[in-house]
Amino acid sequence: MPNAVAIKVLVVDDQNSVRQMTRMTLEEIGFRHIHEAEHGKQAMEIASLQPLDLIISDFNMPEMDGLGLLRAVRGHPVVRKVPFILLTGRGDKELVVKAAQAGVNNYLIKPFTATTLREKIEQVMGKLS
Amino acid sequence: MASLDQLKQTFFEECNEALQQIEAGLTEIREGHASDDTVNAVFRAVHSVKGGAGIFGFEALVGFAHVFETLLDGVRRGSLTATPETIDVLLSASDVLSDLVQMSQAGEAVPAGFGNECRTALEHIIEHDQKGAEDDDSPAPAEFEGIDFTPVPVDFTPVPAETEVADGPHSYAITFRPKRDMLKKSNEPLYILRNLRNLGTLDLSAQLDCLPALADLETDRPYIWWTGTLQTAATRAQIDEIFEFVVDDCDLEIVDTAPPLAPAAEPEFASAPVPAMPEEKSVAAPPAPPPDKAPPTATPADAGEPAAAARSPSAKPAATTTRIELERIDRVVNMVGELVIAQAMLGQIVQDLPEGTSGRLSQVLEEVIHHTRELKDSVMSMRAQPVGSVFQRMPRLVRELLAKTAKKVRLEMVGETTEVDRSIIERLGDPLTHIIRNSVDHGIESPADRLAAGKSEEGIIRLSAEHRGGRIVIEIKDDGAGINSDRVLKKAREKGLVSADATLTEDEISNLIMLPGFSTAETVSDISGRGVGMDVVRSNIQDIGGRISLKSERGRGMTIQLALPLTLAVMDGMVIKTGQQTYVMPLSSIVECLRPARSEVSNLIGTRGMLQLRGEFVPLVHLGDLLEISSTAGESGERVVIITDAGEGTRFGLVVDELCGHQQVVIKSIEESYGSVPGIAAATILGNGRVAFILDVEKLSDLAVNSPVGTALSANTASAAKFALT
């Protein structure tokens, strides 16, 4: 049973307000090690330098969208196994299919509550203590 | 950690940026030069607004944004065409969205049914969407659990190490275009190309189309770019590695032209290597495929992602920005101002030292002055904002104005990225709004009149901004009817602004409309508002240290030019003395300084004279007379004449007693304590610690005319008359 406090998570979203809200929600659940990135490139930098246990990324971002980031992560020799949860504002079937093919572990629709976020994370990582 | 209110603030700031993007994007689409990227950008902006609104609980915003977004999605997928009618609906949707954002921000309750007309129009168009219809999600973006997706738990079983196998030699089409800063970051393109060459057979050609003339060449800027092919057995990762450090500083395009399997490689801009689709099959725990579709290997949608289009050189790099409270920047600006004053005092002390002792001290002081100047420039650039933020309001303004008339007008905007000090941006809005209103209301004729005059039905207003000679020049040019000079002159005579027998040129008449109390509008139209005349615009512009000039061509149109200073707080000035008083003159208004011989000065009336300068006559004005100070040098004494440029080609020679050298001065406003004093723009503290007034050159030229000598002069000489109307 993974301990939320010990999990290192990376939140990727180009909107600062949304990033902060996600952070607050994660902290509510009990997470303490929360990294942030504004876009895909920054995310990859952090991912290749820091040990990460979970990536939560928005889909809608300029230059490299969440799907692109997912693929980049899955293709990177060091971080490719990190669990990846995709956030999206649209229940877009096509997107979910593509994400599934690319190896996403779960997806979440914005806006979400702390309960839902926790559920989704637990579906991937097991019950959080 | 930020409070919820602070986050909401941040969200609204993001919304404003998004709204600007939407406006700009839709305008591009309407004018027909939008790329796929533009539509995507607009979609993303609306989507972002919706997402944030959902999180912060602004339901009305979410609902409307959702419909807006759905339509945009259809357009970007190609299942809906962006017809002119559709674009009009999209534009009004952008206006509604903007209003909803404002209301949400102000905490106002959204009136029931607000924006319904537009919403219905959007939904109507969406209904005709063929392809997207079945796949579309429910109209309300509720908690959507309808997609079958099995979450993939983390799989800790070891996976065989993925080796990137290069399957035989590939051929890659490469386009490498260094951006402006690459050389400054010590990255030499040639080294990179050499490394590339080591990987295989490289066939590149240098593109020289961006090379300027030798005289214009900046040595620290790259101009050459390359396209070509690379045949190599190396892996894609190895190729990307070569560009790893310069990825941010160039436009790079590497396309696999002979791929082993179906999909073409996507254009690279990430430093992490991204393998082509087929290799992802080996990734841990393939997810359960959704029941409706069997996942195709190389989906057409993926391969269709834009492959070969060369990225335009003007693509914005991913900016690293941060938010700072304005107050903090202003404090730094103030500190730099104080630093400049202190440094001037230091300069004074050094000057006063006995001969020969200051040597090294002067040198170091020079360095300090140099650094302070650079510091000042950097700090001022922090306050710089692109004029685009003010310009962006204009298209909507024009749309609203046009909705009330039958006229047809197109607004062109150029130079939106030109940067201006923030405080100027804030004060630019009203004057611009008024000028454009005038253009639409009075300038551009009705379509019928335009056709009769041999013009196209649609009038054009061109709004441009550029840096020119140390100033920002903003121009508003329309191809309307221009100013009716007969009517203007008549009105001016009626109001006693111009004497009955004065003869004025076209330009002089045009400039009359900026005199206070002038208005030829017979009725106060709803559009132009009441009581706000061009004189208010002029004083607004002058208050921020700028100048305004007008040029009208009867029947062809009117051009209004605003010349604004680049920065406000620190300026280069010339210290001058007249009588016992010390003043500072803006260096930018000084054309030249001379000590004329008596023979070059001809007296016409009283002590007023004319200076003969290289064949031209320049009217002379004594500063002492203007400001009512007696000067120390006698009549026959040698005076200094400063040829002054008061704007719009008006020149006069300002006569003073002494020139005391030039220095950077910090502009301190005195208006709060003393109100507006004609002829004085502000004050400063000199190196010797004393206060000196900074002269307002344009007002001085006005003063020169209004003195009794001046009016007599203006009745007679043409050049002085021009003088009178500046």
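This is a predicted model: local features need pLDDT of at least 70, side-chain atom pairs count only at pLDDT 80 or more; totals for chains, interfaces and linings use all residues.
**View 1. The order of elements in chain A.** Residues are numbered from 1 along each chain as its sequence is written, and chains are lettered from A and ligands numbered from 1 in the order in which they are written. Of the 129 residues in chain A, 60% are buried (20 or more other C-beta atoms within 10 Å of the residue's own, with C-beta atoms placed from the backbone).

**View 2. Chain B as a whole.** Chain B contains 23 helices and 22 strands, and buried residues make up 33% of its 726 residues. Taking the contacts of chain B between residues at least 6 apart in sequence, 69% join residues at least 24 apart, a contact being a pair of residues whose C-beta atoms, placed from the backbone, lie within 7 Å.

**View 3. Helix 3 against helix 4 in chain B.** The axes of helix 3 (residues 59-77) and helix 4 (residues 84-106) of chain B come within 10 Å and cross at roughly 160°, the axes being lines fitted to C-alpha atoms over the stretch in contact, with angles from 0 to 180 degrees between N-to-C directions. Helix 3 of chain B is therefore roughly antiparallel to helix 4 of chain B (an angle over 145 degrees). Among the residues that meet are B:Phe64 and B:Phe68 of helix 3 and B:Leu97 and B:Leu100 of helix 4. The residues of this contact divide into 12 nonpolar, one polar and no charged, with Ala, Val, Leu, Ile, Met, Phe, Trp, Tyr, Cys and Pro counted as nonpolar, Asp, Glu, Lys and Arg as charged, and the others, Gly among them, as polar.

**View 4. B:Leu80 in the connecting loop.** B:Leu80 sits in the loop between helix 3 and helix 4 of chain B, and B:Leu80 counts as buried because 21 C-beta neighbours lie inside 10 Å. The C-alpha atoms of B:Leu80 and B:Ile126 are separated by 8.0 Å, although the two residues are 46 apart along the chain.

How values were computed:
Helices (H or I, at least four residues) and strands (E, at least two) are DSSP runs, numbered from the N terminus. Angles under 35 degrees count as roughly parallel, over 145 as roughly antiparallel, 65 to 115 as roughly perpendicular and the rest as oblique. Two residues are in contact if their C-beta atoms, placed from the backbone, lie within 7 Å. A residue is buried if 20 or more other C-beta atoms lie within 10 Å of its own, exposed if 12 or fewer, and partly exposed in between; C-beta atoms are placed from the backbone.
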